[in-house]
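Thank you for making the time this morning.

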Amino acid sequence: EGGTALPIPQEGYWGDPSSGGIYLDEFMECSDTCLGGEAFECAEGWTKRACAAPAAGFMLIGPKAIECPSTSAGSYALTIAAFFTLLAFWVLVNVFLISQYDSLDMMLNSFQNGDTKYL
């Protein structure tokens with residue numbers, strides 16, 4: 001705008017709006033994470049000084065801020081997968097391994113009885 005108006009960063013540049021206009025003659029280049037303008041906005045997913053940190057709800061993967069996935073569907077799938085993994089391990093130990101190795105059978109019986117003096 002010119003005149004007595006404070007300078008405004010262009011897209012790809014960032015200034016410190018919290019300085020109250022004292023340092024607004026110094027702008028930093030920040031590639032595609034800064035939108036510039038009067039509001040000193042960062043691109044979606046970015047925040048902090050020079051738009052260099054991922055915003056809340058975003059994670060940094062390489063040079064990009066990616067939105068975090070919904071945790072409800074993922075946590076259900078993980079819980080079910082963990083349950084079936086433990087079930088498969090239990091079947092493997094109790095059906096296949098213990099029937100072939102007497103020492104494993106005795107050790108499992110000791111653990112189940114709370115008796116560890118033979119270990």
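**A threonine in a loop, and what surrounds it**

Let me begin with Thr33, which sits in the loop between strand S2, residues 28–29, and strand S3, residues 34–36, and let me say at once that this is a predicted model. Is Thr33 buried or exposed? Its relative accessibility is 9%, and because the cut-off for buried is under 20%, Thr33 counts as buried. Leaving aside neighbours within four places in sequence, Thr33 is in contact with Cys42, Ala43, Trp46, Ala50 and Cys51. With Cys51 there is also a polar approach, in that a polar atom of the Thr33 side chain lies 3.3 Å from the backbone oxygen of Cys51.

Several of these names return in the largest nonpolar core, which has 10 residues, among them Ala43, Trp46, Ala50 and Cys51. Cys30 and Trp14 belong to that core too, and Cys30, again setting aside neighbours within four places, is in contact with Gly12, Tyr13, Trp14 and Ala50.

Ile61 has Lys64 of S8 as its bridge partner, and the turn has 2 residues between the strands, with Gly62 showing a positive phi of about 65°.

Finally, helix H2, residues 102–113, reaches 17 Å from its first C-alpha to its last, close to the 16 Å expected, and is followed by Gly114, whose phi is positive, near 80°.

How values were computed
Residues numbered from 1 in each chain as written. Predicted model: local features only at pLDDT ≥ 70, side-chain atom pairs only at ≥ 80, totals over all residues. Heavy atoms only, no water. Core = buried A, V, L, I, M, F, W, Y, C linked by side-chain atoms within 4.5 Å. Buried < 20%, exposed > 50% of the residue type's maximum accessible area, 1.4 Å probe, protein only. Contact = heavy atoms within 4.5 Å. Helix = DSSP H or I, 4+ residues; strand = E, 2+ residues; numbered from the N terminus. Polar contact = N/O pair within 3.5 Å; in protein donor to acceptor, adjacent residues only side chain to side chain. Expected span 1.5 Å × (residues − 1). Pairing = 2+ DSSP bridges.
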